[in-house]
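Here's a quick briefing on a predicted model, meant to be read with the structure open. Take a look first, then run through the notes.

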Amino acid sequence: MTNPDLLIKGATLPDGSRADILIEGTQITAVGKGLSSASATTIDADGLVVLPGLVDLHTHLREPGYEQSETVLTGTQAAALGGFTSVFAMANTLPVADTAGVVEQVLRLGDEAGYATVRPIGAVTKGLEGIQLAELGAMANSRAAVRVFSDDGKCVFDPLIMRRALEYVKTFGGVIAQHAQEPRLTVDAQMNEGEVSARLGLAGWPAVAEESIIARDVLLAEHTGSRLHICHLSTAGSVDVIRWAKKRGINVTAEVTPHHLLLTDDRVESYDARFKVNPPLRRAEDVMALREALADGTIDIVATDHAPHPIESKDCEWGAAAFGMVGLESALAVVQTTMVETGLIGWADVARVLSETPARIGGLATHGQKIQPGIQAELVLVDPATRRNFGVEDLASLSHNSPYLGIELAGQVVATIHQGYLTTDDRTLVAADVVSAQAEVVARG
Amino acid sequence: MKHLLSTRDVTREEAIQLLDIAEDMSAVNDREVKKLPALRGKTVVNLFFEDSTRTRISFEAAEKRLSADVINFAAKGSSVSKGESLKDTTQTLAAMGVDAVVIRHGASGAPQVLAQSGWIDVPVINAGDGTHEHPTQAFLDAFTMRKRLHGAGSRGKGLDGVKVNIVGDILHSRVARSNVWLLQTLGAEVQLVAPPTLLPHAVNTWPVSVSFDLDDALAQSKPDVVMMLRIQQERMHDAFFPNEREYSNMWGLTQERFYSLPAKTMVMHPGPMNRGLEISSAAADSPQSTVLEQVANGVSVRMAALYMVLTGEREVTHD
């Protein structure tokens with residue numbers, strides 16, 4: 001038994017050419033003009049751009065432990081609605097994903113839900129405490145085959161632990177994804193340190209707290225000859241450090257979040273906790289530097305840092321609110337708005353920064369491939385002409401802490417195809433029972 | 001004026017109106033029967049999430065002199081994990097029917113969140129929020145300066161050209177922030193004097209001049225007013241300064257520094273004072289000190305603020 005075949009008619013490929021795409025089973029079997037199929041369901045893609053399914057290297061799915069914020073099911077539904085076909089799930093769950101048992105549980109929940117390939121990220125240190133290495137090898141050798149390790153939410157602050165982790169993961173070709181935040185420089189920090197924080201009386205989060213850790217870690221990566229990934233760059237100074245490191249030949253990759261490409265710290269003037277995020281929103285100069293760095297390749301990828309929180313964690317005074325924003329559903333639209341509409345990058349670059357390169361960094365061979373016959377069908381169709389005021393109805397996440405509510409964004413995902421079946425169809429999420437049944441068909445082969 | 005959250009969004013006209021109404025209120029405070037019926041039948045809640053006996057009793061006195069019914073609500077803990085949330089507390093009070101909220105909170109912005117939230121639709125007066133603002137303190141300071149400078153002829157006047165030095169922990173001071181904006185609006189020239197560790201990183205964006213050297217500042221600017229801020233002794237544990245002795249020597253209004261000031265220079269302090277640390281007893285107890293006037297004027301200014309937000313009127317109507 002196989003799932004229904006799909007025929008995409010008249011889509012615009014990332015390179016600007018137009019083609020039909022035939023999907024049979026889980027594979028793309030033909031790409032070209034004038035394709036037809038008697039059995040396939042036809043999707044009219046006139047005016048739509050087709051990209052390889054998006055890959056998010058930085059997602060918080062919250063399960064196990066924080067199911068009031070998000071579950072693997074609802075988080076991957078948010079992913080599917082946003083055009084993602086794979087997400088890397090951060091380790092700061094409860095219990096922390098620092099053992100093979102937890103990462104295998106997350107993997108299984110993702111497979112069962114069927115909305116996206118879920119790749120668990122393992123913690124670098126036990127309990128994210130920064131003191132003792134987690135069971136990196138056991139996680140790498142588990143069914144989850146973990147390759148990305150991160151204490152995200154916390155910085156691996158001890159330089160010796162960081163050095164050892166960078167060295168150790170070479171055993172299995174792993175990468176350390178660092179949350180760059182010098183803890184002593186950010187005690188009780190609430191927002192970017194600058195003109196706005198001075199006025200609002202909120203404890204400042206200086207740029208140097210991020211930049212100094214990145215500088216240290218690229219030098220450690222050089223010394224150890226290891227592979228380093230820097231999560232969510234947020235400052236112009238961080239861009240300069242990465243640019244310097246790459247020029248020097250250091251094996252480092254860097255990501256930026258959609259919100260750091262669009263929003264600035266003056267949003268905090270409202271004390272609206274939806275804008276409270278780690279790292280904090282920065283100045284307009286930082287936003288411009290991040291956009292340029294993404295365009296010129298200094299920053300390799302966009303990753304969402306999708307961080308769901310329940311209402312009570314945001315509907316309160318700033319100081320008591322949780323850090324984080326949901327972002328899976330809005331990421332592509334924010335990238336189109338900030339990078340494509342401004343002429344900084346084209347659709348081929350969007351495919352690179354939101355699919356190809358994150359898949360490569362994460363060691364995910366089935367995703368982020370050039371759209372051609374013989375590859376697994378992981379695709380997203382986007383309507384670049386749509387303009388909408390982003391609203392709660394555009395969210396599939398269990399949590400609604402989006403900073404974009406009421407903000408106009410360009411572009412909308414029309415369809416997402418994972419393993420050859422639709423997870424989003426006609427701008428609407430496909431129902432969970434339909435998706436999980438199709439996933440089961442694929443799993444049985 | 002719907003709310004009083006910050007002095008930054010108060011116009012010069014509104015500020016002078018509030019100070020003028022406070023003059024009327026001050027006259028009431030000098031009468032044998034210190035009471036006006038202006039807020040009779042109105043219920044005001046003093047919602048204090050932080051301990052502050054001085055500010056709370058000042059507001060309470062102001063409310064009672066305007067004949068309001070007063071509820072004091074001392075809420076411990078501010079976050080969901082520590083107890084009842086700001087939202088739940090506020091909605092509880094709204095359900096009881098209150099006409100205004102006076103809020104003191106440890107989190108910067110809490111009064112603004114309350115005013116914008118829709119949890120309760122009544123005027124909100126900020127009685128001090130985190131390290132953000134303390135607007136009524138700034139108004140009572142401005143009132144005190146104006147009264148000392150112009151006496152009975154204060155009405156209608158701003159503080160144009162008045163030189164004010166604010167000395168001490170600017171970084172953590174809501175009093176300093178509210179004073180900077182209000183004094184600038186009223187035309188005063190403000191200089192901040194502090195160790196660099198206790199100034200905000202972006203203080204250069206504020207409408208003030210800055211000095212690290214108190215002796216130099218006092219000699220150069222010849223201030224009309226020296227406002228000393230309370231220094232939290234625990235700051236030295238976070239490496240803001242080495243110890244009390246060094247702080248006092250370099251940034252305290254010591255007896256020696258005080259005696260070097262011209263006799264007309266006002267010495268202000270929002271209280272409570274650390275005698276011997278940021279201010280010497282010689283300065284605090286001198287005729288130049290306005291410390292007790294500030295307390296008395298606090299009641300008048302808070303009466304004026306309550307009157308403005310609750311009646312929407314710009315002049316006191318006498319019965």
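Residues are numbered from 1 along each chain as its sequence is written, chains are lettered from A and ligands numbered from 1 in the order in which they are written, and side-chain values use heavy atoms, with hydrogens and water left out.

**Where the chains meet**
- Chain B puts 24 residues into the contact and chain A puts in 18 (heavy atoms within 4.5 Å).
- Together they bury about 1600 Å², with 57% of that on carbon and sulfur atoms (accessible area lost on being put together, 1.4 Å probe, summed over both parts).
- B:S108, B:V113 and B:H201 supply 22% of the area chain B buries against chain A, more than any other three residues.

**Salt bridge**
- There's one salt bridge between chain B and chain A (a side-chain nitrogen of Lys or Arg within 4 Å of a carboxyl oxygen of Asp or Glu).
- B:K87 forms a salt bridge with A:D315, with the closest N and O atoms 2.7 Å apart.

**Sheet in chain A**
- Five strands make an open sheet with parallel pairing, in the order β9-β10-β13-β14-β15 (strands are DSSP E runs of at least two residues, numbered from the N terminus; two pair if DSSP finds at least two bridges between them).
- β9 (148–149) and β15 (301–302) of chain A sit at the edges with a single partner strand each, so one side of each has no neighbour in the sheet.
- In β14(A), A:A254 stands opposite A:I230.

Methods: Predicted model: local features only at pLDDT ≥ 70, side-chain atom pairs only at ≥ 80, totals over all residues. Buried area = accessible area lost by both parts, 1.4 Å probe. Helix = DSSP H or I, 4+ residues; strand = E, 2+ residues; numbered from the N terminus.
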